[in-house]
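The sequence and structure are shown first.

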Amino acid sequence: MSERIILRSGRPDEIEIFQAIDHAARSRYGTLPGFSVPAQAAPMAAERFATGWVIVAEQAGRPVGFTLNQPFDGLAYLANIAVLPDVGGRGIGAELLQASTASAREAGCPAVTLATFKRPPWNGPWFRKHGFSPMPDDNIGPDLRGMLDRHAQFHDMATRETLWHRIPLW
């Protein structure tokens, strides 16, 4: 029987832990042809964590996953979702995604947006399975456009997609 997952807010003193989780999660790309950039990328810069809010998945007192959510253009941008490979495939990512959507709703954001690869299965296909769909270009605001322009400096944008999940604000 697996340990229960606890979701909580991240703390500034945990940034190195989040960077290590991100690095470990991206190691999965190393087995795929054409994905050397994400596999070899440096950890997320520490200052990026100060630009939004972090939700942590903790198991047996150990952080095993997190999301970094940032306010972009009046929406919530999911800048990162990462789960340690040794606990992957157990629904932790789905719990984190659901918590991110709930936190966006609480903040009054009408949608969660993200930029991801069209493949592998744990990227675009996984987000679409969880209710995300392609974001119309007309809805991409200046903050998100700036992020996509930065991505274009090191990714083939034909391999990427911008998705969103609209949130009913009741």
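Glutamate 161 and arginine 128 pair through their side chains in a salt bridge, with an N to O distance of 2.4 Å. A salt bridge is taken here as a side-chain nitrogen of Lys or Arg within 4 Å of a carboxyl oxygen of Asp or Glu. Because glutamate 161 belongs to strand E7 (residues 160-166) and arginine 128 to helix H4 (residues 124-129), the pair ties together parts that are 33 residues apart in sequence. Helices (H or I, at least four residues) and strands (E, at least two) are DSSP runs, numbered from the N terminus.

Glutamate 161 is buried, with a relative accessible area of 14%, whereas arginine 128 is partly exposed at 35%. Buried stands for under 20% relative accessible area, exposed for over 50%, and partly exposed for values in between (1.4 Å probe, protein chains only).

## Basis of the model

This is a predicted model, in which local features need pLDDT of at least 70 and side-chain atom pairs count only at pLDDT 80 or more, while totals for chains, interfaces and linings use all residues. Residues are numbered from 1 along each chain as its sequence is written, and side-chain values use heavy atoms, with hydrogens and water left out.

## The salt-bridge network

Seven salt bridges occur in the structure. A network of them links Arg8, Arg11, Asp13, Glu14 and Glu58. Within this group, arginine 8 pairs with glutamate 58, the closest N and O atoms being 2.8 Å apart. Arginine 8 lies in strand E1 (residues 5-9) and glutamate 58 in strand E2 (residues 53-59), so this bridge ties together parts that are 50 residues apart in sequence. Both arginine 8 and glutamate 58 are buried.

Aspartate 13 forms a salt bridge with arginine 11, and here the closest N and O atoms are 3.1 Å apart. Aspartate 13 is exposed, with 59% relative accessibility, and arginine 11 is partly exposed at 42%.

## The largest pocket

The largest pocket has a volume of about 1,200 Å³. Of its 45 lining residues, the closest to the centre are Asp22, Arg26, Tyr29, Asn80 and Ile81. On a 1 Å grid over the protein atoms alone, a pocket is an open set of points where a 1.4 Å probe fits, with protein on both sides within 12 Å along at least five of seven lines; lining residues have an atom within 4 Å of a point. Grid points are joined across faces, edges and corners, and the volume is the space filled by probe spheres set on the points.

Two or more lining residues come from each of helix H1 (15-26), helix H2 (36-40), strand E4 (75-83), helix H3 (92-106), strand E5 (111-117), H4 and helix H5 (142-151). E4 provides the largest share, seven residues. By type, the lining divides into 28 nonpolar, 10 polar and seven charged residues. In this count Ala, Val, Leu, Ile, Met, Phe, Trp, Tyr, Cys and Pro are nonpolar, Asp, Glu, Lys and Arg are charged, and the others, Gly among them, are polar.

## Nonpolar cores and buried residues

The largest nonpolar core has 33 residues, and Phe49, Phe66 and Ile92 have the most contacts inside it. Such a core is a set of buried Ala, Val, Leu, Ile, Met, Phe, Trp, Tyr and Cys residues joined through side-chain atoms within 4.5 Å. H1, E2, strand E3 (62-72), E4, H3, E5 and H5 each give two or more residues to this core, with E4 giving the most, five residues. Apart from this core lies another, of 12 residues, including Val112, Trp126, Phe132 and Ile167.

Glutamine 70 is found in strand E3 and is buried, with a relative accessible area of 4%. Neighbours within four places in sequence aside, glutamine 70 is in contact (heavy atoms within 4.5 Å) with Arg48, Thr51, Gly52, Trp53, Leu75, Ala76, Tyr77 and Ala79. In H5 the buried residues are Leu144, Gly146, Met147, Leu148 and His151, and their cover includes E3, E4, E5 and E7.

## Backbone features in loops

A cis peptide bond, with omega of about 10 degrees, joins arginine 119 and proline 120. Proline 120 is placed in the loop between E5 and H4.

Alanine 60, although not a glycine, has a positive phi of about 55 degrees. Alanine 60 sits in the loop between E2 and E3 and is exposed, with a relative accessible area of 60%. Aspartate 73, another residue other than glycine, has a positive phi near 55 degrees. Aspartate 73 lies in the loop between E3 and E4 and is partly exposed at 30% relative accessibility.
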